[in-house]
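Hello,

Here is the structure I promised to send over. My notes on the ligand site and the backbone follow below it.

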Amino acid sequence: MARIVLGVSGGIAAYKACSLLRLFTEAGHDVTVVPTESALHFVGAPTWEALSGKPVATGVWESVHEVPHVRLGQSADLVVVAPATADLVAKAAHGLAGDLLTNVLLTARCPVVVAPAMHTEMWEHAATQANISTLMERGVHVIPPASGRLTGADTGPGRLPEPADLYAVCERILAHGTAAVVPPKYATELRAIPEDEGLAEGGLEGRRVVITAGGTREPIDPVRFLGNRSSGKQGFALATVAARRGAEVVLIAANTTLAAPAGVLVVPVQTALELETAVAAAAPGADVVVMAAAVADFRPAHYTDAKIKKTHDADDPDAAPTIELVRNPDVLAGLVARRGDDASPVIVGFAAETGDQDGSVLDHARAKLARKGCDLLVVNEVGTDKTFGLDDNTVHILRLGSSHVIDAGPAPKEQISAAVWDAVQQIL
Ligand code: CTP
């Protein structure tokens, strides 16, 4: 049971906050609703009082002897503002405290979740975006608005996500604290698993898994980067299957364009260093970490603020710059090194290998498994026509300390994922 303050500001989506409140109270949480004056134009105080079982106030002049403007924020385990209007977001970003809700936001020391909802033009306005960035930099969890039909006939980003999705994010934050869910600088996307997709497969219920996917990009200047050909499809398939088997999934996605799988919290990142930060934030308390992302081993030593130009040197028309590289951290090796005595989490590495004169694909893979020290290594054979961006894959799954190799594929990446999770579940 947690003490939750549900802030509601004055947008039409206030009606959805009634369902969110119901989900909280049915889960046994103690919820105090703090609407703004304008929120009461959409949903009246009697509704909030009936659903929460508590009186509601909008200003700081009611029950002054209880000092509610300080007590509510101080004693909360979670403050959620849904919907958050452009006005409320602006006030929160600037620390204004003209009513009870904004006072609560200033006194809260617990995780704060803000779910903005407004018209697309207001959401996209530079002022709103700057205010949102300010809140995120301060550690507020911002759940970005969904796209779809708005109040009128128009459509676009601005809708409040469905109450079940907001509820799922809040429960995760309550269960894992601020750090373990999403690094604040990143936006999250969460879509509930449609009932017909079900959780029927089972096998990973109650497990928390972190998966990295895609390929990192290391910026050289504002228009160029060092990247790789990873599409992220295999990592997304792993996330899809894990969610279907009942796991709580955080998917750290480097430069992918794929849709968020149902029931999966997506954390977008770009560089290896961002990926490392996101993994460090999400891994504590995880049962499994799968490193399916292609992480750049090197990055340019210097980022050039201005676009690098061709020089027009008459004496040396072929002059070309040299890009100095430095090593990136090995995220997988770092996870293995930090693992405690309980051998948790189970760590899965991926390897892209080609055979050469020094050995076969499997020879290289065995050496890599021993070197990296993870529990499982999923080995792809790569070549220009293999693996990257395709829907099918062929892999060998190696387990540390065992000579047995599981071969999977050629098969769709979801089927490959099932084989990987089967192997993980054996270890769990
Ligand atoms: N990996 C990582 N951090 C890096 C590079 C790779 O965590 N800086 C992870 C990948 O996500 C993958 C595994 O390590 O799970 C294997 O990556 P790979 O680059 O194939 O292995 P290397 O040890 O870099 O070996 P190689 O000599 O083949 O480059």
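A polar contact here is a pair of N or O atoms within 3.5 Å; within protein, one must be able to donate a hydrogen and the other to accept it, and residues adjacent in sequence count only if both atoms are side-chain atoms. This is a predicted model, where local features need pLDDT of at least 70 and side-chain atom pairs count only at pLDDT 80 or more, while totals for chains, interfaces and linings use all residues. Residues are numbered from 1 along each chain as its sequence is written, and side-chain values use heavy atoms, without hydrogens and water.

Ligand first. An N or O atom in the side chain of Lys368 is 2.7 Å from an oxygen atom of the ligand. Polar backbone atoms also take part: one of Ala293 is 2.7 Å from a ligand oxygen, and one of Leu332 is 2.7 Å from a ligand oxygen. On its own the ligand has 580 Å² of accessible area (Shrake-Rupley method, 1.4 Å probe). The protein covers 77% of that.

The shell around the ligand has 15 residues (a heavy atom within 4 Å). Met291, Leu332, Phe350, Lys368 and Lys372 come nearest. By class, the shell holds nine nonpolar, one polar and five charged residues. Nonpolar means Ala, Val, Leu, Ile, Met, Phe, Trp, Tyr, Cys and Pro; charged means Asp, Glu, Lys and Arg; the others, Gly among them, are polar.

Now the pocket. The ligand takes up the space of the largest pocket. A pocket is an open set of points on a 1 Å grid over the protein atoms alone, where a 1.4 Å probe fits, with protein on both sides within 12 Å along at least five of seven lines; lining residues have an atom within 4 Å of a point. A molecule sits in one if more than half of its atoms lie within 2 Å of its grid points. The volume is about 880 Å³, counted as the space filled by probe spheres set on the points. The lining has 36 residues: 16 nonpolar, 12 polar and eight charged. Ala293, Ala294, Val295, Phe350 and Ala352 lie nearest the pocket centre.

Last, the backbone. Most residues other than glycine have a negative phi, and most peptide bonds are trans. Ser344 and Pro345 are joined by a cis peptide bond, with omega about 0 degrees. Another cis bond joins Gly409 and Pro410, with omega about 5 degrees. Asn255, not a glycine, has a positive phi of about 55 degrees.

Best wishes
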